[in-house]
Amino acid sequence: PDSSLLHRRKRTRCFSLSSMKHPWALNATAKFVATPEGTALAYGSLVFMALLPIFFGALRSVTCSKSKNAADMPETITSRDAARFPIIASCTLFGLYLFFKVFSQEYINLLLSVYFFVLGVLALSHTMSPLMSRIFPASFPNKQYQLLFTQGSGESKEEIVNYEFDTKNLVCLLISSVVGVWYLLKKHWIANNLFGLAFALNGVELLHLNNVSTGCILLGGLFVYDVFWVFGTNVMVTVAKSFEAPIKLVFPQDLLERGLEASNFAMLGLGDIVIPGIFIALLLRFDVSLKKNSRTYFYSSFLAYIFGLGLTIFVMHTFKHAQPALLYLVPACVGFPVVVALFKGELTEMFSYESSEEVLPGSPRLTSFPTVSGSPASLASSMDAVSMATGSSPRRRRLQPTSM
């Protein structure tokens, strides 16, 4: 009996020592609790990443509106488009929610991964193109290419795809494809963010509101849309967590503990970047139209966005509940510039400004909407990217026969 008791005591002592050497083994299934430093780093990084596509996309939207290249023409959103946008976005969001409830999430995300791989490569390539033009030396042999697909013959011939590119574009496409394969195979958060930033920048650059009133209609409608689907139901949060696609920016809260293999993410939807971003870009074009060498409305709305996003994060962190970011961003981004305009006596000028007057007459109008609420669908500069993102056929132009 004594030897048996001694044996049991030895086993107990061994177990205790083992537990002391590996204390994490007793809490392996416990939920990860982010440290204050990790949380601050994650939220700060999300804010910084959100500002990049808004700032540079707005600057590029000014150049885009003056471009004579048909491939770089923006998509113009009218007041009618803005009024329909929340309704179509709601139908699309709820449709995705039902898809995830009925069908296997694994297969849906596999199809979406391939789809967004193609769009992401095109978007990232288009984003990198101006940078590559500056990097390559003037002596670089830059050959021109054209990819043309037509349908029919003679007078009924229609142009389906007309994509002009050069050697520099091919280099951009190759680099983007490497990132795309990385994302497709690993779903790494850095690859996700590279695609997400490219989508957001292209959206801010190529989606143009025609006036401030249209912007107020769009932001007001999506304000109600965002509040309803986040506070009224679990649809928005469910789709955001189930949808494995680069439609959101993510940053790990456990980066300091686990490095690049971290997995506990804070996220920000691209719609919370692009929707206010296209309004801020409109105000920058308004600043340019005033010809006063001032960017008052752009900077006021840009600072308002920082304030609104910071307030969103503060409320979310305080109440430990997902927040509709547009609830805070819309009043800030609209209210700040309006107050500035009232103070400067330029409110009438602001609301009478028409951005479409500075765009060439052939500029296309937005006739379709993104497949995911709030995410930018304007991606490839020459393939009518908004139509691509909704799965509709590209815009066609009738080819005029040339006289011999």
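**Close-up views of a predicted model**

**View 1. A nonpolar surface patch involves helix α5.** Val-114, Val-181, Leu-184 and Leu-185 make a nonpolar surface patch of about 340 Å². The model shown here and in the other views is predicted. Helix α5 (residues 167–186) gives the patch its largest share, 3 residues. Val-181 is placed in this helix, α5.

**View 2. A salt bridge joins Arg-60 and Glu-205.** The two side chains meet at 3.2 Å, N to O. Arg-60 belongs to helix α2 (residues 36–66) and Glu-205 to helix α6 (residues 189–206), so the pair ties together parts that lie 145 residues apart in sequence. The structure holds 4 salt bridges.

**View 3. Helices α10 and α12 meet.** Helix α10 spans residues 271–290 and helix α12 residues 326–344. Their axes come within 10 Å and cross at roughly 5°. Angles under 35 degrees count as roughly parallel, so α10 is roughly parallel to α12. From α10, the contact takes in Asp-272, Pro-276, Phe-279 and Leu-283. From α12, Leu-326, Leu-329, Cys-333, Val-334 and Pro-337 meet them. By class, the contact of α10 with α12 has 8 nonpolar residues, no polar residues and 1 charged residue.

**View 4. Helices α10 and α11 meet.** Helix α11 covers residues 296–319. The axes of α10 and α11 come within 7 Å and cross at roughly 160°. Angles over 145 degrees count as roughly antiparallel, and α10 and α11 are therefore roughly antiparallel to each other. On the α10 side, the contact holds Asp-272, Ile-273, Pro-276, Ile-280, Leu-283, Leu-284, Phe-286, Asp-287 and Leu-290. On the α11 side are Thr-296, Tyr-297, Phe-298, Ser-301, Phe-302 and Tyr-305. The residues of the contact of α10 with α11 divide into 11 nonpolar, 2 polar and 2 charged. Asp-272, Pro-276 and Leu-283 of α10 meet residues of α12 and also residues of α11.

How values were computed: Residues numbered from 1 in each chain as written. Predicted model: local features only at pLDDT ≥ 70, side-chain atom pairs only at ≥ 80, totals over all residues. Heavy atoms only, no water. Axes fitted to C-alpha atoms, helices over the stretch in contact; angles between N-to-C directions. Helix = DSSP H or I, 4+ residues; strand = E, 2+ residues; numbered from the N terminus. Parallel < 35°, antiparallel > 145°, perpendicular 65-115°, else oblique. Contact = heavy atoms within 4.5 Å. Nonpolar A, V, L, I, M, F, W, Y, C, P; charged D, E, K, R; others polar. Patch = residues over 30% accessible without salt bridge, like charges linked within 9 Å, V, L, I, M, F, W, Y side chains within 5 Å. Areas by Shrake-Rupley, 256 points an atom, 1.4 Å probe, with all protein chains shown as cover.
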